[in-house]
Amino acid sequence: MSARTTATKQKLFDAALKLVGERGAASVTVDEIAAEAGVAKGTIYYNFASKDALVEALLRHGVEILAGRLRSAEGSEDSLEALVDEMLGFWAEYPAFGQLLVSELWRTPGQWHGTLSLLRDDIVSIVRGQMKRLSDAGRLPEGVEVGTASAALFGTLLVIALDWQVFQPERSRAEVRESVMLLVRGMRSAR
């Protein structure tokens, strides 16, 4: 992919994400995305077959960024805290993506349900790796299954990040991270 195509797609992602975050994917038109991106409507159809294809590509793009950040946390001294921090940092940088992800994950059955299931599995598998390491080290409470802990941590962080961005934007990322870590540490010590 050329640098120009990459830049154009990024402009389209940015515009779509802004508008979708404000009003939801269903109520945004291709014309509005094109106007927000400062491109002709045909540019969208040249790069994506439809608005739906653009939103699906946007979901994949966002999850790829998040997955990369979570993978970068794996080698840290306290990889759980690094994972929490990276996820909170991602949601802080891309709050509209969090809104899109939550709204589409809860839409039943949802237009992008198949794609979202695969993308959710990608992220949860990274979190599952961290939970497995904690379990192997005896740091998860007895009886807590790794899969349950993984989904719970992902869901908790997603909801906490949205709550932070929408209702408590004055809090710092460090404050939110520390609150999450106190909760996680409290669960571990409840053994």
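Figure 1. Valine 146 lies in helix H8, where helices are DSSP runs of H or I with at least four residues, strands are runs of E with at least two, and both are numbered from the N terminus. With a relative accessible area of 17%, valine 146 is buried; here buried means under 20% relative accessible area, exposed means over 50%, and partly exposed lies in between, for a 1.4 Å probe and protein chains only. Between the C-alpha atoms of valine 146 and tryptophan 106 there are 23 Å in space, and the two residues stand 40 residues apart in sequence. The model shown is predicted, with local features needing pLDDT of at least 70 and side-chain atom pairs counted only at pLDDT 80 or more, whereas totals for chains, interfaces and linings use all residues. Residues are numbered from 1 along each chain as its sequence is written, and side-chain values use heavy atoms, with hydrogens and water left out.

**Figure 2. Valine 166 in helix H8**. Helix H8 spans residues 146-167 and includes valine 166, which is partly exposed at a relative accessible area of 47%. Although valine 166 and proline 95 are 71 residues apart along the chain, their C-alpha atoms are separated by 8.9 Å.

**Figure 3. The contact between helices H5 and H6**. Helix H5 covers residues 79-93 and helix H6 covers residues 95-106; their axes come within 4 Å and cross at roughly 100°, the axes being lines fitted to C-alpha atoms over the stretch in contact, with angles running from 0 to 180 degrees between N-to-C directions. H5 and H6 are therefore roughly perpendicular to each other, a class that takes angles of 65 to 115 degrees, while those under 35 count as roughly parallel, those over 145 as roughly antiparallel and the rest as oblique. Phe90, Trp91, Ala92 and Glu93 make the contact on the side of H5, and Pro95, Phe97, Gly98 and Leu101 make it on the side of H6. Sorted by type, the residues of this contact are six nonpolar, one polar and one charged, where Ala, Val, Leu, Ile, Met, Phe, Trp, Tyr, Cys and Pro count as nonpolar, Asp, Glu, Lys and Arg as charged, and the others, Gly among them, as polar.

**Figure 4. The aromatic cluster of Phe90, Trp91, Tyr94 and Phe97**. Five aromatic pairs are found in a search of the whole structure; rings of Phe, Tyr and Trp (its six-membered ring) pair if their centres lie within 6.5 Å, and planes under 30 degrees apart count as stacked, over 60 as edge-to-face and the rest as tilted. One of these pairs joins phenylalanine 90 to tyrosine 94 in a tilted arrangement, 5.0 Å from centre to centre and with 40° between the planes. Phenylalanine 90 counts as buried at 1% relative accessibility, whereas tyrosine 94, with a relative accessible area of 22%, is partly exposed. Phenylalanine 90 also pairs with phenylalanine 97, in this case edge-to-face, with 5.7 Å between the centres and 85° between the planes. Phenylalanine 97 is buried too, its relative accessible area being 2%.

**Figure 5. Lysine 9 over the face of phenylalanine 48**. Lysine 9 lies at 5.3 Å from the ring centre of phenylalanine 48. A charge sits over a ring if NZ of Lys or CZ of Arg is within 6 Å of the ring centre and within 35 degrees of the ring normal.

Figure 6. Not counting residues up to four places away in sequence, glutamate 86 touches Arg69, Leu70, Ser72, Ala73 and Arg173. Glutamate 86 is partly exposed, at a relative accessible area of 23%. The C-alpha atom of glutamate 86 is separated by 9.3 Å from that of arginine 71, a residue 15 residues apart from it along the chain.

**Figure 7. Arginine 60 in helix H4**. Helix H4, made of residues 51-73, holds arginine 60, which is partly exposed with a relative accessible area of 33%. Beyond its neighbours within four places in sequence, arginine 60 is in contact with Thr115 and Leu119. From arginine 60 to alanine 137 the C-alpha to C-alpha separation is 33 Å, for two residues 77 residues apart in sequence.

Conventions. Contact means heavy atoms within 4.5 Å.
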